[in-house]
Amino acid sequence: MLGYAGTVLYVDLTTGKTRTEKLTEETAKKYVGGIGLGMKLWLSNSKAGVNPLSPENPLVLALGPVSGTMFPTGGNGHAFISKSPATGGVGEAVSHGTFGAELKRAGYDAIVLTGKAEKPVYLWIDDESIQLLDASNICGKSPPETEDAIKDELGDYYVRVASIGLAGEKQSKIANIINEKTRAAGRTGLGAVMGSKNLKAIAVRGTRDITVAKPDVFMDMVREFHERMKGPAVQKYRTLGTVDNISVTNELMCMPTRNYSASHFEKTENINAEVLNERYVAKIIACNSCAMRCEHEALVREGPYKGSLARMEYDNLWALGPNVGVDKLDAIIRAAELCNYYGLDATSTGVAISFLMDCHEKGLLSHDQLENIDPHFGNGEAVVQLVEKIGKREGIGELLADGVKVAAEKIGKNAAELAQHIKGLEVTGYDLRCLKTAALAAAVSFRGADHNRSGAFALDLRGKVDRLKAERGRGKLVKENEDIFALIDSFIICKNARNTLYNELGDLAKLYSAVTGAEVTPQDLSVAGERINTLAKLINTREGLTRNDDTLPWKVMNQPISDDGPVKGSVVTQDELDLMLDDYYQARGWAVEGIPSKEKLKELGLQEFQNIVEA
Amino acid sequence: MVKIHQRKFISADPEKCVGCQICEYACSYSKEKAYNPIKSRIRLVRVNQLANMAVTCRLCEEPACVAACPRNALSQSEDTGNIVLDKDKCNGCGWCIEACDYGAMMLHPETKVVYVCDLCKDKPDGPQCVKWCPEEALTVVTSDTLAQKARISVIKKLFQEKEEKQ
């Protein structure tokens with residue numbers, strides 16, 4: 001079957017031994033690739049209750065069936081999968097760029113990394129040659145610096161690198177894995193898993209040909225998707241960028257501000273997409289194979305943060321801007337650049353800082369703890385200082401470096417009420433109190449608080465449903481959106497490009513067949529999407545997560561929105577959440593406790609994991 | 001013989017180039033029926049996030065690659081200015097690669113002889129990289145049209161700045 005390389009590489013970092021296994025057609029078809037294949041490989045290579053930061057926790061790197069082809073965005077992605085140190089459940093994060101395409105050309109569909117190297121190393125994959133090389137002289141370097149150092153050392157500009165920064169080396173639970181300087185597998189703290197293995201970086205050079213089963217059909221599809229990418233479906237990403245959402249969520253009063261103290265930011269006009277683009281965006285660039293090119297590079301040209309350069313998106317701008325009450329774009333760009341420098345998930349970092357500011361405002365912190373930093377909402381320089389502290393795990397940064405759940409436990413008192421997370425993963429920029437479909441989706445998301453597991457927030461934002469109402473039927477909507485998103489992350493098509501999939505499952509089925517030559521129907525893929533979500537639930541169940549973990553942050557359930565306007569008083573009550581959870585589990589064919597039934601496992605071909613639901 | 005001013009080659013506009021590498025895929029697919037950048041006649045370089053540009057053969061006057069070849073395997077077409085390789089004479093020594101200032105000469109990983117952009121001379125719709133570039137950053141130019149373009153853009157900029165100051 002074309003599309004897949006047909007090979008899974010196993011690397012034991014303890015012994016330095018490597019081996020390959022064939023990827024069977026059956027497994028490939030069943031789990032598609034990306035997060036689906038990665039979770040399957042993780043589950044089959046780990047034991048229940050494994051400590052996420054122990055050598056026994058595998059870190060899986062997986063590609064999709066179209067990786068390495070010129071299909072726009074689908075050709076260039078990769079996914080990391082492991083047990084998340086932040087949530088204790090399944091952790092996964094995808095990224096795009098060129099790294100994934102290079103790895104496919106080296107001849108692999110996935111890499112399973114286990115063990116722990118004695119000293120810091122990096123993995124050098126040069127087609128079939130696999131080596132662990134000394135990384136002691138690149139330790140402490142940022143991911144961009146690491147990339148340059150490795151290219152230099154190997155003497156090859158076209159080597160592609162994914163690496164961790166200092167935060168990952170120090171096993172911060174909000175550390176990410178960055179490839180090609182600005183692209184991050186950001187969420188769920190997988191940088192810490194990599195750090196726990198003493199693995200600083202993965203460098204790859206692949207020289208093999210990638211071919212597809214039906215070149216003419218495929219090239220017509222590429223041409224068609226280039227046209228779609230120039231059209232209205234993704235115009236926002238091409239022009240103002242995802243940052244444009246700042247104005248949208250602000251106007252709809254669903255942009256969490258100052259750690260959920262408000263649901264809109266009164267100074268949005270200082271930081272919106274128009275200002276960012278006019279004054280700071282120096283260049284828009286593309287990932288490999290993408291005709292949409294949405295990566296907005298923002299450069300600070302004057303003032304105290306002169307020279308700072310960061311890729312700005314809605315998520316990092318929200319987290320380091322309105323979420324912390326800051327309306328100074330130069331400070332926001334500097335903070336975003338520092339997140340990249342240390343290898344920190346900018347969303348979680350921003351929420352950790354807003355949590356600290358909230359604690360400070362409520363008098364939960366001592367003066368000594370703050371070390372001359374003045375963490376009041378709106379202080380951009382304090383945000384910049386705090387990112388540095390978190391990156392280095394220094395002083396007050398040590399308190400925040402493992403995310404808000406851990407920080408709240410350390411502070412005690414009622415700090416947990418201010419910690420905006422689900423399952424240990426920090427929230428993103430959508431006020432769940434007035435986006436009730438999104439609230440359900442966030443509560444059930446297998447990787448914790450996140451909007452990217454289903455995109456259900458779009459139903460609320462676009463008025464497809466009454467966003468202030470919790471009602472039956474939302475469960476089915478969330479399920480359907482989750483299944484599509486799981487597939488997108490298994491093909492590893494960029495979420496920003498999802499709107500170009502006019503026929504969603506139809507387009508994906510046609511693409512899969514054109515590349516692999518294996519005929520699949522939209523219905524087959526729909527089942528695969530359901531299978532992948534159920535597999536994730538099986539992992540979480542095996543690792544001890546229950547219905548109680550499918551919940552929402554304290555403020556979402558106990559502190560109604562106080563902003564004047566149509567959303568005033570909105571909150572998600574336990575009754576509303578229970579109603580929606582029951583509805584969702586039912587739509588999924590899971591028991592009331594959120595555990596998949598044996599019948600469902602049989603239907604999805606997941607009987608091999610039946611012991612998990614019997615336990 | 002084609003005059004130097006009329007000689008056509010492919011040029012990338014660094015302002016427009018976004019570094020997507022679609023040109024590399026279009027080239028390798030068109031020439032080798034495979035998606036593989038190392039078999040592309042045009043290569044993208046991203047020096048940093050702000051500096052992206054694709055580079056290929058410039059069809060120089062007095063081409064250094066031709067002069068450097070010790071086996072007379074390379075010549076310049078009198079009709080088009082294209083660099084032409086006699087595969088039987090090339091032994092892959094790489095002197096032409098060393099001589100080219102643009103990195104346009106490359107050694108093929110399988111045939112072990114050098115290869116270079118031929119402007120898709122056998123394609124009725126012209127160079128495939130140009131056809132596929134989604135940003136219209138690639139164009140077939142002559143040194144004359146390039147100079148014209150530069151001239152026009154610098155003057156436009158000058159007057160724009162003047163207007164902004166007023």
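Tutor: The buried residues of α24(A) are Leu577(A), Met580(A), Asp583(A), Tyr584(A), Tyr585(A) and Arg588(A). Buried here means that 20 or more other C-beta atoms, placed from the backbone, lie within 10 Å of the residue's own. This is a predicted model, in which local features need pLDDT of at least 70, side-chain atom pairs count only at pLDDT 80 or more, and totals for chains, interfaces and linings use all residues. Residues are numbered from 1 along each chain as its sequence is written, and chains are lettered from A and ligands numbered from 1 in the order in which they are written.

An α-helix has 3.6 residues a turn, so residues three or four places apart point the same way. The cover over the buried residues of α24(A) includes α18 (436-444) and α20 (474-491) of chain A. Helices are DSSP runs of H or I with at least four residues, numbered from the N terminus.

After α24(A) comes Gly589(A), with a positive phi near 75 degrees.

Now the wider setting. Chain A is divided into domain 1 (7-205), domain 2 (232-419) and domain 3 (432-614), with bounds from an automatic or database domain assignment. Between domain 1 and domain 3 of chain A, the C-alpha centres lie 26 Å apart.

Terms used: Buried ≥ 20, exposed ≤ 12 C-beta atoms within 10 Å, placed from the backbone. Helix = DSSP H or I, 4+ residues; strand = E, 2+ residues; numbered from the N terminus. Contact = placed C-beta atoms within 7 Å.
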